[in-house]
Amino acid sequence: MSQRYVIHLPVVATDLPAAQRLARVIVRWMLVLPMTDPKETAVSEGDHRLVRHRVFCDLQLPGSRRCLLRDGHDGACSRRLRR
């Protein structure tokens with residue numbers, strides 16, 4: 001049985017959309033590390049840590065990769081950012 005440890009990295013943002021944007025930037029930068037799991041990324045309010053807001057789309061793409069667009073995005077899923 002292998003154990004799994006999760007790193008909780010507190011970062012402060014002014015509101016929920018800003019926190020979600022910041023989380024997406026941090027995770028995309030960290031994708032150079034193979035142990036990064038973007039689908040699990042969520043943000044929560046400091047005093048309500050059990051209420052989590054998903055950051056990335058949860059759909060799986062061919063090849064077992066995950067969509068890197070924001071949760072609730074319009075259009076097709078993608079591994080690339082849209083401009």
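The accessible surface of the protein comes to about 7100 Å², and carbon and sulfur atoms hold 55% of this area. Accessible areas come from the Shrake-Rupley method with a 1.4 Å probe; for residues, only the protein chains shown count as cover. The model is a predicted one, in which local features need pLDDT of at least 70, side-chain atom pairs count only at pLDDT 80 or more, and totals for chains, interfaces and linings use all residues. Residues are numbered from 1 along each chain as its sequence is written, and side-chain values use heavy atoms, with hydrogens and water left out.

Confidence is given by pLDDT, the predictor's confidence in each residue, from 0 to 100. The protein averages a pLDDT of 82. A score of at least 70 is reached by 95% of the residues. Among the elements, helix α1 has the highest mean pLDDT, 88. Strand β4 (residues 65-66) has the lowest, 78. Where pLDDT is low, the predicted coordinates should not be read in detail.

Helices (H or I, at least four residues) and strands (E, at least two) are DSSP runs, numbered from the N terminus. Their order from the N terminus is α-β-β-β-β. The C-alpha trace spans about 40 × 35 × 20 Å along its principal axes. Of the 83 residues, 23% count as buried. Buried means under 20% relative accessible area, exposed over 50%, and partly exposed in between (1.4 Å probe, protein chains only). Contact means heavy atoms within 4.5 Å. Of the contacts with a separation of 6 or more, 23% join residues 24 or more positions apart.

Strands β1 (residues 42-45) and β2 (residues 48-54) pair in the antiparallel sense. Four bridges link β1 and β2. Two strands pair if DSSP finds at least two bridges between them. Together β1 and β2 form a hairpin, with two residues between them. Within this pairing, Glu-45 stands opposite His-48 in β2. Val-43 stands opposite His-53 in β2.

Arg-24 lies in helix α1 (residues 16-30). Arg-24 is buried, yet has no salt bridge. A salt bridge is a side-chain nitrogen of Lys or Arg within 4 Å of a carboxyl oxygen of Asp or Glu. The nearest side chain of opposite charge belongs to Asp-71, 8.3 Å away. For charge, Lys and Arg count as positive and Asp and Glu as negative; His and the chain ends are not counted. Leaving aside residues up to four places away in sequence, Arg-24 touches Val-55, Phe-56 and Arg-70.

Gln-60 belongs to strand β3 (residues 60-61). Its relative accessibility is 47%, so Gln-60 counts as partly exposed. Gln-60 touches Arg-65 and Arg-66, with residues up to four places away in sequence not counted. Gln-60 and Gly-46 are 14 residues apart in sequence. In space they are 30 Å apart, C-alpha to C-alpha.

Arg-80 sits in the segment after β4. Arg-80 is exposed because its relative accessible area is 67%. Arg-80 and Leu-68 are 12 residues apart in sequence. Their C-alpha atoms are 6.7 Å apart in space.
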